[in-house]
Amino acid sequence: MRRVRDNKYGYSAWSDAELKRFGVIGALVVLLVVLAAAFFIVNKKNADGQQADGAKTESLMADGSQPGSQNPDPGEGNPAAGQTADSSATKEGEGNPTADDGASEGENASSQASDGESQSAETEAVSEGHDFAVNEVPEIVDLMSRYFTAKQNADVETIYSLFGWSDQTGADSLKRQLQYDARYTDGYRNIVCYTKPGVSEGSYLVYVSYDLKFKNSLTLAPGLLWNYVKQGEDGAWHLTDVETLDEVELAFVSEAEKAEEIGLLKTQIYAKLRQALEDDAQLAEGYGILEKQGGAAGAKQAETKHEADVQIGND
């Protein structure tokens, strides 16, 4: 379309058709800018939501039994893991763990705080019953705390002392196993004792829930074990090997395990552990290595037999 040249410098005005054309182009540009801004805002919100979900997963406090069983102590036996570990599996696990030992104290503190909330829910579930008391026997709480500390430190002498064993058979093998476990784990947290008076005076049945920290993950792996604790003639409390319990004591343990509060506790811990392993690939990797090797998450072996007895068995 030709326009009239009305002065020596050019054209003095746009035609109506040209004004409409440029108006449409301008409107399209504005619309594209608005759409791009909206797309950016939505993507940013989605990214923030995913980061928040990731933070929740890292601080998740798993509750306690091994997947597929009520044998939740990672390192003390998982019936779903088979009964022994072959030599080739041992070689596979000999490498250095993919662990980040330098996890910040702030992240660990956040993880522990979240785990405390999870443990609180489990504690409330059991405390509503009347059979088991929560952390009400200081001597038992101290006994279990020393036991878990000795396990993490591969302190076999203390473990044998807590059981009242003088025979050192199997001590060297147990020490090697615990040292291997310690390459992947970073201690037990949130230890809670649920006690019930035993058959005779000076005895207690105790269930212990805990969370196991792996070096390559902020997500804690929950667990649950039990032991029939007895007081010796010297007044000291000792853990017991299940094979030393008589028929009356074994029947007492079997009946107590049917309590609704214990069943609920085991169910909660199992569900949280399974969720933690599904959500955290690094946790699942470390957990799987120990499970395969018969360690803190593995099947019972002859040299760790006494350790395996301090836990919940198969239903």
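Leu283, Gly286, Tyr287, Leu290 and Gln293 are the buried residues of helix 9. Viewed down the axis of helix 9, these buried residues fall within an arc of 130°, so they line one face of the helix. An α-helix has 3.6 residues a turn, so residues three or four places apart point the same way. The model described here is a predicted one.

Helix 9 covers residues 281-293, 13 residues in total. From its first C-alpha to its last, helix 9 reaches 18 Å, close to the 18 Å expected at 1.5 Å a residue. The N-terminal end of helix 9 is capped by Asp280. In this cap, a side-chain oxygen of Asp280 lies 3.0 Å from the backbone nitrogen of Gln282.

**Salt bridges**

Over the whole structure, five salt bridges are found.

| Lys or Arg residue | Asp or Glu residue | N to O distance |
|---|---|---|
| Arg146 | Asp142 | 3.1 Å |
| Lys258 | Glu255 | 3.9 Å |
| Lys266 | Glu257 | 3.0 Å |

Arg146 and Asp142 belong to helix 4 (residues 138-152), where they are four residues apart and therefore separated by about one helical turn. Arg146 is partly exposed, its relative accessible area being 40%. Asp142 is likewise partly exposed, at 40% relative accessibility.

In the pair formed by Lys258 and Glu255, Lys258 has a relative accessibility of 61% and counts as exposed. Glu255 also counts as exposed, with 51% relative accessibility. The cut-off for exposed is over 50%.

Is Lys266, the partner of Glu257, buried or exposed? Lys266 is buried, with a relative accessible area of 5%. The closest N and O atoms of Lys266 and Glu257 are 3.0 Å apart.

Asn135 is not a glycine, yet its phi is positive, at about 55°. Asn135 sits in the loop between strand 1 (133-134) and helix 4. With 38% relative accessibility, Asn135 counts as partly exposed.

Asn190 has a positive phi as well, near 50°, and is a residue other than glycine. Where does Asn190 lie? Asn190 is part of strand 2 (residues 185-197). The relative accessible area of Asn190 is 23%, and this residue is partly exposed. Buried would require a value under 20%.

Lys151 counts as buried, at 5% relative accessibility. How far apart are Lys151 and Tyr188 in sequence and in space? They are 37 residues apart in sequence, and their C-alpha atoms are 9.1 Å apart in space.

**Nonpolar surface patch**

Which residues make the nonpolar surface patch of about 500 Å²? The patch is made by Val24, Leu28, Leu31, Leu32 and Leu35. One of these residues, Leu35, is found in helix 1, which runs over residues 16-58.

Key
Residues numbered from 1 in each chain as written. Predicted model: local features only at pLDDT ≥ 70, side-chain atom pairs only at ≥ 80, totals over all residues. Heavy atoms only, no water. Helix = DSSP H or I, 4+ residues; strand = E, 2+ residues; numbered from the N terminus. Expected span 1.5 Å × (residues − 1). Buried < 20%, exposed > 50% of the residue type's maximum accessible area, 1.4 Å probe, protein only. Arc of directions from axis to C-beta. Polar contact = N/O pair within 3.5 Å; in protein donor to acceptor, adjacent residues only side chain to side chain. Patch = residues over 30% accessible without salt bridge, like charges linked within 9 Å, V, L, I, M, F, W, Y side chains within 5 Å. Areas by Shrake-Rupley, 256 points an atom, 1.4 Å probe, with all protein chains shown as cover. Salt bridge = Lys/Arg side-chain N within 4 Å of Asp/Glu carboxyl O.
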